[in-house]
Each structure stands twice: as structure tokens, then as C-alpha cells.
Amino acid sequence: MSRNDEWMQRDIASLWHPCTQMKDHETLPVTPIRRGRGVWLEDFDGRRYLDAVSSWWVNIFGHANERINARIRDQLDSLEHVILSGFTHQPVIELSERLGRLTPAGLGHCFYADNGSAAVEIALKMSYHYWHNVGRPEKRRFLTITNGYHGETLGALSVGDVAIFTETYRSLLLDVLKVPAPDGFGLPREQWIDEAWEKFAHMEAALERHHHELAAVIVEPLIQCAGGMRMYPPEYLTWLREACDRYNVQLIFDEIAVGFGRTGTMFACEQASVRPDYLCLSKAITGGYLPLSVVMTTDEVYDAFYDDYASLRAFLHSHSYTGNPLACAAALATLDIFEQDSVIEANRAKAAHIERVTAPLRDHPHVGDVRQTGMVVAIEMVRDRATLEPYDFRERRGLRVFQHAMSRGAMLRPLGNVIYWMPPYVIEPEEIDFLAEVTREGLEIATGD
Ligand code: PMP
């Protein structure tokens with residue numbers, strides 16, 4: 001028995017994996033990873049896989065990054081964790097100051113948690129609570145766009161709209177308003193704005209009709225990631241900010257997946273030159289090392305909670321690992337790398353390379369769309385290119401791409417029929433070329449019947 005097999009068997013006997021139909025593992029083994037370095041993961045039999053999805057979109061500077069390792073080691077020797085209620089520590093203070101400088105002006109208050117879903121719950125609760133505190137308790141509903149994803153806890157699921165995750169739990173979820181999302185699928189980039197403007201009419205109408213009962217609008221800026229890497233232009237966010245101001249409704253940006261350079265700017269909201277009332281960050285914040293999330297908000301929100309204890313206006317939300325020092329140290333090292341290596345500029349050449357090598361895939365008879373925003377590219381497989389008719393999800397075409405890619409040494413993990421790359425920023429041009437080759441082969445195999 002190979003060493004991989006041994007670990008696989010022990011795994012299946014004792015684990016229940018996330019986002020997985022465990023029966024799949026009767027035929028599709030889990031891959032035990034022994035170590036990682038840079039963009040590469042290595043299994044127990046010595047096979048290597050290029051981590052094209054940054055291990056669920058978290059790892060931006062590679063596995064076993066020397067600089068992040070060193071910072072965590074240092075922190076480990078002084079303080080591993082301390083309660084953040086009534087106590088504080090250097091890494092969390094420095095991180096809050098730096099995030100305040102990096103994000104749009106006015107988001108000076110950082111509230112921490114330890115995963116993305118928790119950050120979304122915090123933003124939703126804070127917005128609801130804000131209106132309660134300012135004497136507008138009737139403003140208690142949320143408005144969002146279709147096809148969004150904000151996490152798996154019940155509040156986050158409620159504002160999400162990806163059926164495979166939400167439908168089973170429908171009767172447990174909040175009653176959230178949804179309007180059709182802007183979506184550039186199948187359109188040349190020049191037409192994205194017109195499409196978004198048409199969709200914005202629905203948002204405007206919903207705001208006009210419901211603003212009196214709305215606490216906030218929540219969206220994933222620029223890319224609906226779990227919804228199949230569907231993309232829309234920054235103008236939609238500019239219009240949305242303006243309309244939310246006009247109707248006195250707050251705005252939550254969930255940049256958990258797209259923050260920290262993914263869309264080509266440090267934060268996606270920069271491209272629309274707008275500031276949300278709440279900015280949710282997680283995932284890449286620690287370079288993919290440790291769980292950490294943060295909700296950043298304004299003086300206006302902060303002040304609505306600031307009062308004598310007996311007024312009972314405080315935000316009493318808490319998680320045990322809030323602002324963990326090791327995670328904050330990893331985040332500080334991550335921000336150092338952004339600065340020292342001019343990452344945002346360096347990524348431009350990589351994004352252009354990605355665009356060049358994926359462009360020919362547009363001609364494939366079963367590709368409906370190749371779309372890209374910054375360091376995310378998505379190639380959508382369709383049954384019929386002319387009508388954009390999708391493949392039935394039961395055919396599991398994406399899984400065939402995954403299996404082929406694994407046999408070639410690349411970890412591509414399509415979302416349904418959407419093959420995408422969301423690689424660590426340390427990926428080299430030859431590695432991008434390799435991904436293009438594997439993707440083309442995977443496409444042939446997955447669409448060949
Ligand atoms: N929001 C977005 C946009 C996400 O992509 C995700 C995770 N994929 C989440 C929230 C939830 O984050 P977590 O998985 O850390 O709970």
C-alpha cells in the first residue's frame with residue numbers, strides 16, 4: 001500500500017469533509033498533502049500539484065513562505081493568544097492601524113472574528129443594531145443581488161443565493177430581498193456597463209419601494225466567486241453607493257474573497273471609488289495561514305453604540321479567537337510583502353500573461369465565456385455556445401476537469417461548469433503556461449461527448 005493510500009483510509013474512517021458528498025470518495029480518493037512550497041503541494045507519494053485555487057482562495061504568497069513563517073515563529077515565542085475583551089496586544093493594534101490606512105478613508109474601526117461567515121454575521125447584526133440604536137428599529141431587512149455567496153452560517157446563508165447551499169435550509173433563513181445581479185456572462189467587456197445599468201433599475205426600484213424597512217444592502221464587489229466567478233463592472237458599485245445614500249440604507253461590501261489584490265487593486269471598492277459602511281475581510285488577510293476576519297466600519301456606526309453601559313447599546317458579539325495574535329502576526333507579514341514587493345504592480349504583468357494564454361480558449365466549441373478580473377480568470381463550459389445553454393449539473397463536467405488536472409499535477413477545482421484559476425500571486429509565467437495546457441486538455445476531455 002502506498003503512503004497516500006494509508007492516509008486516505010485513515011481519513012475516510014474518521015473525517016467528514018467540508019463541501020463534500022462523502023460517497024464520492026468511494027471512487028474519488030481524497031489527496032493527503034504532506035507539504036507545500038510556493039504554489040506547489042506535494043502528497044505522500046511525492047506527486048506535486050500546482051495550487052491553482054490558492055487553497056480556497058486564501059493563499060496569496062505561496063505555501064511555507066519564509067517571511068510569514070518567521071513572523072509567526074517570533075510571535076509564538078511571545079504571545080500565542082489572549083482574550084480581546086478588556087485586553088489587547090501589539091499585532092492587533094498594528095494591524096488595525098495599517099488596515100485603516102489601506103482601505104478607503106473613514107473605516108477606522110476594526111471588529112475582528114475568525115472566519116468569513118462570522119464577519120458577515122457581524123456586519124448584518126451591526127447594521128440591524130445600528131438602526132435600533134438610532135431609533136429606527138423598523139429598518140431591519142436586508143437587500144442583496146441574486147447569485148451571491150456570503151458564507152454558511154444561517155444569517156450569511158440568508159443573504160446568499162447559490163441554490164445548492166441555501167435551498168435545503170430555506171425555512172430557517174431570514175426573509176431577504178433579492179434583485180437580479182449584474183452579470184457580464186457571455187458579453188464582451190464593452191457591454192458590461194450597459195448590462196449592469198439595466199440590472200441596476202431593479203436595485204433602484206427595490207430601494208425606492210423598501211428603503212423604510214431596509215437596514216443594508218450586501219454585495220460581493222466585482223466578482224461573485226462561489227456563484228461561478230460571475231463578474232460585473234465597478235460602475236454598479238458607484239451607482240449602488242449613491243442610491244444607498246439617497247435612500248438612507250447602509251452598504252456592506254463582502255470582500256472576503258476579493259480583498260487583498262485579487263481584482264487588480266488592493267480592495268475591489270477602490271475601482272468604484274466608494275466606501276462601504278461595512279467592509280468584510282478574511283481569507284487572504286493572513287496570506288492563507290491562519291483564520292482571521294475583520295469588519296471595518298465608520299465613526300457614524302461606532303458612535304451609535306458608544307454610550308453608558310446601562311444604556312445597553314453595546315455590541316456584545318464575541319468569538320473566543322477574536323483577533324488571535326498569531327493570525328494578526330501573519331497578517332502583518334502579509335501586508336509587509338505587499339509593500340516590499342510592490343505586489344499590486346507586479347500582478348499586472350501576471351494578469352496580462354493570464355489573459356494572453358487563456359484568450360485562445362474562447363474559440364473552443366464548448367466555451368461560452370472566458371472572463372477575467374485581475375488575478376481571477378474563469379472559463380465557462382456550455383453545451384451550446386450559440387445559446388449559452390449550460391450542461392446539466394448531473395453530468396459533472398467540472399469533475400472531469402478536476403480529475404484530469406490532478407493526473408497532470410494541477411489542482412483545478414471547477415465550480416460546476418466553470419473552470420477558474422485564482423492562483424497564489426507568486427505563480428511564475430511558466431507555471432501559468434502549464435495551467436493553460438492542462439486547462440485546454442481538461443476542456444477537451446470534459447466536453448468530448
Ligand atoms: N464571503 C465570501 C465572498 C466568500 O467567498 C466566503 C468563503 N468562500 C465567505 C464569505 C465565507 O467565508 P468562510 O468560508 O471563511 O466562512
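Which residues does the domain assignment give to domain 1 and which to domain 2? I looked this up before anything else, keeping in mind that the model is predicted, and noted that domain 1 is given as 31-64 + 343-447, while domain 2 is given as 69-340.

**Entry: the contact between the domains.** I took the C-alpha centres of domain 1 and domain 2 and found them 27 Å apart. For the contact I then listed 32 residues from domain 1 and 29 residues from domain 2. The area buried between domain 1 and domain 2 comes to about 2600 Å², and carbon and sulfur atoms give 64% of that area.

**Entry: polar terms.** I searched across the interface of domain 1 and domain 2 for salt bridges, and the rule finds 1. I also looked at E380, which forms a salt bridge with R230, the closest N and O atoms being 2.9 Å apart. For polar contacts, I noted a count of 14 residue pairs between domain 1 and domain 2, both residues of each pair being at pLDDT 80 or more.

**Entry: the side of domain 1 that touches domain 2.** I traced this side to its elements and recorded that α2 (54-57), α12 (343-358), β13 (367-373), β14 (376-381) and β16 (418-421) each supply at least two residues. The largest share comes from β13, with 5 residues. Sorting the residues of this side of domain 1 by type, I noted 20 nonpolar, 9 polar and 3 charged.

Note on methods
Residues numbered from 1 in each chain as written. Predicted model: local features only at pLDDT ≥ 70, side-chain atom pairs only at ≥ 80, totals over all residues. Heavy atoms only, no water. Domains from an automatic or database assignment. Contact = heavy atoms within 4.5 Å. Buried area = accessible area lost by both parts, 1.4 Å probe. Salt bridge = Lys/Arg side-chain N within 4 Å of Asp/Glu carboxyl O. Polar contact = N/O pair within 3.5 Å; in protein donor to acceptor, adjacent residues only side chain to side chain. Helix = DSSP H or I, 4+ residues; strand = E, 2+ residues; numbered from the N terminus. Nonpolar A, V, L, I, M, F, W, Y, C, P; charged D, E, K, R; others polar.
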